[in-house]
Amino acid sequence: MTAKIDPFTLEVIRNALTAIAEEMSLVVMRSARSPLLREAGDLSSALTDAEGNMIAQGRDIPMHLGVMCFTVKEFLKRVPASRMTPGDVWFLNLPEVGGNHLPDVKAIRPIFYDGTLQAFAVSLAHWADIGGAVPGSYVAFATDAWQEGLRISPVRLFTADGPDREKLDFVLANVRGAPEREGDILAQMAATRSADLRMQDLYAQHGLETVNRTITALHDRAEAQMRAAIADLPAGEYRGEDWLDDDGIGDQPIAVRVRIVLEKDKALFDFSESDDAARGPINSTPFIASAAAFYAMKVLTGPEIQPNGGCYRPLSVITRPGSILEPGIDLPVVGGNHETSQRVADAIFRALEPVIPERLSAGGATTSGLLLFGGKRADGVWTTLYETHGGGEGARIDRDGAHVIRVHLSNVMNTPAEIIEAEYPIRIDAQRLRQGSGGAGAHKGGEGLHREYHMLADEMSLTTMFERRIIPPYGLQGGADGAPFRVDVIAADGERRELPGKTNVRLGRGDTVVIESSGGGGYGIPAGDER
Amino acid sequence: MKSAWQVGIDVGGTFTDVVALDPATREIRTAKVQTRAADPRAGLIAALSAVNLEWENVADLIHGTTLITNAIVEGHLAKVTLIATEGFGDSLAIGRQNRRHLYRLDLAPKATPQVPAERRIEVRERLDANGQVRVALEDSALTDAIEQAQATGAEAIAVSLLHAYANSTHEARIGAALKGTSIPVALSHLVNPEAREYERTATTVLSASVMPLADRYLEQLESASPEASRLHLFHSSGGMASPAALRNLPLGLALSGPAAGVAAACKVADELGIDHAISLDMGGTTTDVCLIAGGRAEISVDRSLGDHPLRQPMVAIESIGAGGGSIARLSLGAVEVGPDSAGALPGPACYDQGGTTPTVTDANLLLGYLEAGQKLGEKIRLNRDAAQSALAPLARDAGVSVTEAAYGILRVANATMVRALNRVTVERGVDGRDCDLLAFGGAGPMHAVELARAFGISRVIVPAASSVFSAVGCVGAEMQYAQQQTVRMTSADWNRQRLSEIQTRLIERLSAPLQEADYNNDSIAVDFVASVRYSGQSYATEITTPELEDPDALGRQFQETHERLYGFATDEVWELYALRCTVSVPREGSPASTLAASAQGTPQKTESCWFGGEQAVDTLRYDRAAVATDQKIAGPAIIEDAWSTIVVPPGASAKPDQFGHLHIDVGSAE
């Protein structure tokens, strides 16, 4: 067996690996084109070992962690290592290949040293368009996977000699905004190239064997951290559920159900009893269910747990084929990535309410609150504004919830009014706290957001993709629910109508879209209400 | 005795550093005295007398201070009332909607807005993104808003109207109407004329909230000095400014001291003809690094301090939580160092002030780099036994000797610093291995060589007077004012006239304090940096000495820079997004004067030091003042003065030049 790595070298190399992954994210953020990448930072970077076990992550987006821990493993099932050569960059976005939804495209570069495959660099970026029925590729009415856009099975777009122009053009021919997409592709390629160069330095400096033994030790360490964290929770079997408003096609709520079994230092998350796959685009993948389970464990027990492949070893996640969390390849998934994933986390939290309420927050704006506007600017340029909306945070045992904030699996920023007005045919008429939206309680839920978007072009499109419109953020331990999400259109003629949570509509000049994001749930019985 | 001394005084939390230069004789005096936070006036006089000077001897006094930084970090801020555009009063509460801690549900996800709801006042008016007036500001609305603001009992007022960076007239009218009151006022188009309402508003509010403090402090200083015009302050973007200018824009002082150190490093890099250098200033709790290219410090315009976004041109210092007081701990098979620190009190275990946790300084003492029994200031005497007891448990748990543990702690501390070096270089498209490392401050020169080796740097420079280096930067400072302004002009829609107007306005605004101080226009140098991006990109690429007269040439500059930074460039439409303007009055006379050649120094003593090999090695210890110019000292050696220690490990060699800067060839550990 190999000798143990000393605790100093371990930390030195861990720092170096993290720096490499961080550098990848910087490269993408600074050179990408999509507003989503540059402004909101909807991207992640990772290094994995030769088997695809994650070693280090750059930008820590909780949602992407789960996905990236599986991407390379699944990729290797499709493309054997023997087919890879130094300088390759492979691209893919299939949800079933360690993925989540089509817009999140992964670029994977095999890293060789001394002529053998040692590691992979993965750059995940949310493309602002991946083709499909509507600009922005959020097809609320999609009933199958092919309506959602271009499905990229693993394809080698770059070799050591440069881009494979024909394949690249094939991809670009199938998405909107080809120049912008090409910029994103180049940015992802550049990120993996910087990782390759840095890994070469690292191997040369410390020796291949030391680096690889350190990686093994880091995995073991994360596993030990996760085991200790699980052991810290009361053993037992717990059940919880949370509900999606609807799937955008029908109007029935859809349940995500979990059975959690905590036993010494192991945890089982069994989602088999969740509802069947939906017809609309809110299905999800087992990888996302794993990401949400990992997130829940980390916030409840051990924020310091290192996010790498080792931390999954003590967790078993079961999903049922045919269910909303394992729908098969032909059903649409675009909204499941940020809506259903949050239901998974909420179901876990609600399961644990009877035993550890003091560690939980009441329900928050666990939805992306996505509005996607499309329209032509005065200069004739087509623009797409992809805007997510935070809401009130749920209250806790010792404090009120925060106002207008992203909770749990997402942390994407907003676009300032001054940027929107300069770059899109939209005027913001007001942006305020939505007073009174937070749920009452011994501690109050946070307030949501009120923002008004005024259309300045003749033909504009709007896609909505949000939850908590019908089923509001829940109160905890007797606290009241928060006010639900609501989006209205006030037409130029003054007529007002509420929009569904998953829809594509056309708008005209002078129409105003008013979003009121949900308030957070309260915690505990409000003072004066005790019987 | 009347003479014309130039004096730099950097007031830090614990110590005040002084450097005095007589330009006529090139005589330099340096000193370090205890900071007297309660009475800054007495502190300055004490600092002067430490170098045997009185006010009458001083021609220019340039002063760096942590006053504003500390007030912001500790939250000692004035009560501000905000006047904002109708419909947009809650910008501060909304922020950017992202949370600070991804995995900490127990902690508040964002800071409480600096201005509570009852002091946020909305006024009816509206501009669009081009600065066109959509809703005029009526006199009645203006009067109402001012009355409401005054009724809040504000100690300062911030005005931040939507798109004011594109048209300042509405803000200026409100500012003029408030002139009659005695309340300090900050207008967003003067503080930070850049787009993004949250960041501009937050910066403006923060500026307003330190105005009363800055006002009081500057008044005290001015009353202390016989003639106010001789007093200058060192500001965050790397030059000095008049007290009057800083009264209006006190955020310029937010990085005063650290920026002065970097400015001094720039001078040294320039003097020695070093193309790329990284400054390394290691203190008790943090280490500051900054990239210096072509003798100029990189400038950042978007950073934060504590919970506050702070959008001002500032020397682009990257700060990491690893310093002499950083605590080492073993956690599940890995030894981590920092970011928590033993601070000044109790400080490292070896300070013998009650600290028991092992720190980086304790490790340096146990390795023999610091000397047992050595005195730091009046109170502290380094205690080796205390360091030994603090490290012993960690060493035992790690299964190594105490000395090995001490060396390991340094390696880990250096590894975290390597990450910072990486960030300041890679982000700028610079290969860090081509840089020299300029190390100063208390602990920088102790770590520099090992750090350089870990990062792949081959030369370390420890400048003369390295332990009072920020004060050196103050002395050498030039008058300078800088600001960044959002422009938004695409190559397809180039408007030379609008650009000229923007340039003229910036120059006028920034050189106003220089003209008030009677500098004539010929002596004022103007410098622009252009931020250019492809339409649709967010991060703009900075172009130095931009060809603003010729958009085609500017486009080529942009493409070349983009290619260098990101490995690709295209022919599509680009946009001049912002312009940063710096006006300055270049100044003669740097403190780096030739030192009198001293006799060949001989080592004071020999001691055992440990450099990670099998055993300790005999190491010569030199007094820095006694080392002669061009005397080559081969490692292992320690070169020290009263306030800092330079470690020259085996394989490295050091040689002072005629300026007194020590050049260290890091060699290899063999």
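Buried area, as I use it today, is the accessible area, taken with a 1.4 Å probe, that two parts lose on being put together, summed over both. The size of an interface is often given that way.

Now the ground rules. This is a predicted model: local features need pLDDT of at least 70, side-chain atom pairs count only at pLDDT 80 or more, and totals for chains, interfaces and linings use all residues. Residues are numbered from 1 along each chain as its sequence is written, chains are lettered from A and ligands numbered from 1 in the order in which they are written, and side-chain values use heavy atoms, with hydrogens and water left out.

Let's start inside chain B. Chain B has domain 1 (5-72 + 216-233) and domain 2 (75-213), among others; the bounds come from an automatic or database domain assignment. The C-alpha centres of domain 1 and domain 2 of chain B are 35 Å apart. These two domains of chain B bury about 630 Å² between them, with 62% of it on carbon and sulfur atoms. Which residues of domain 1 of chain B lose the most area to domain 2 of chain B? They are A71(B), I72(B) and R216(B), together 72% of what that side buries. Contact here means heavy atoms within 4.5 Å. Seven residues of domain 1 of chain B are in contact with seven of domain 2 of chain B.

A salt bridge is a side-chain nitrogen of Lys or Arg within 4 Å of a carboxyl oxygen of Asp or Glu. Between domain 1 and domain 2 of chain B, the count is zero salt bridges. Polar contacts are pairs of N or O atoms within 3.5 Å; within protein, one must be able to donate a hydrogen and the other to accept it, and residues adjacent in sequence count only if both atoms are side-chain atoms. That rule finds six residue pairs across this chain B domain interface, both residues at pLDDT 80 or more.

Next, chain A. Its domain 1 spans 7-222 and its domain 2 spans 361-531. Their C-alpha centres lie 32 Å apart. 16 residues of domain 1 of chain A are in contact with 18 of domain 2 of chain A. The two bury about 1,500 Å², 66% of it on carbon and sulfur atoms. Salt bridges across that interface of chain A: zero. Residue pairs in polar contact there: three, both residues at pLDDT 80 or more.

Now the chain-to-chain interface. 73 residues of chain A are in contact with 72 residues of chain B. Chain A and chain B bury about 6,600 Å² between them, and carbon and sulfur atoms give 52%. On the chain A side, F8(A), R30(A) and E418(A) lose the most area to chain B, together 14% of what that side buries.

How many salt bridges does the rule find across the interface of chain A and chain B? Eight. One involves E336(B) and R221(A), with the closest N and O atoms 2.9 Å apart. There are also 39 residue pairs in polar contact across the interface of chain A and chain B, both residues at pLDDT 80 or more. Helices (H or I, at least four residues) and strands (E, at least two) are DSSP runs, numbered from the N terminus. Several elements of chain A each supply at least two residues to the side touching chain B, including α1 (7-31), α5 (178-206) and β14 (426-434). α1(A) gives the most, with 15 residues.
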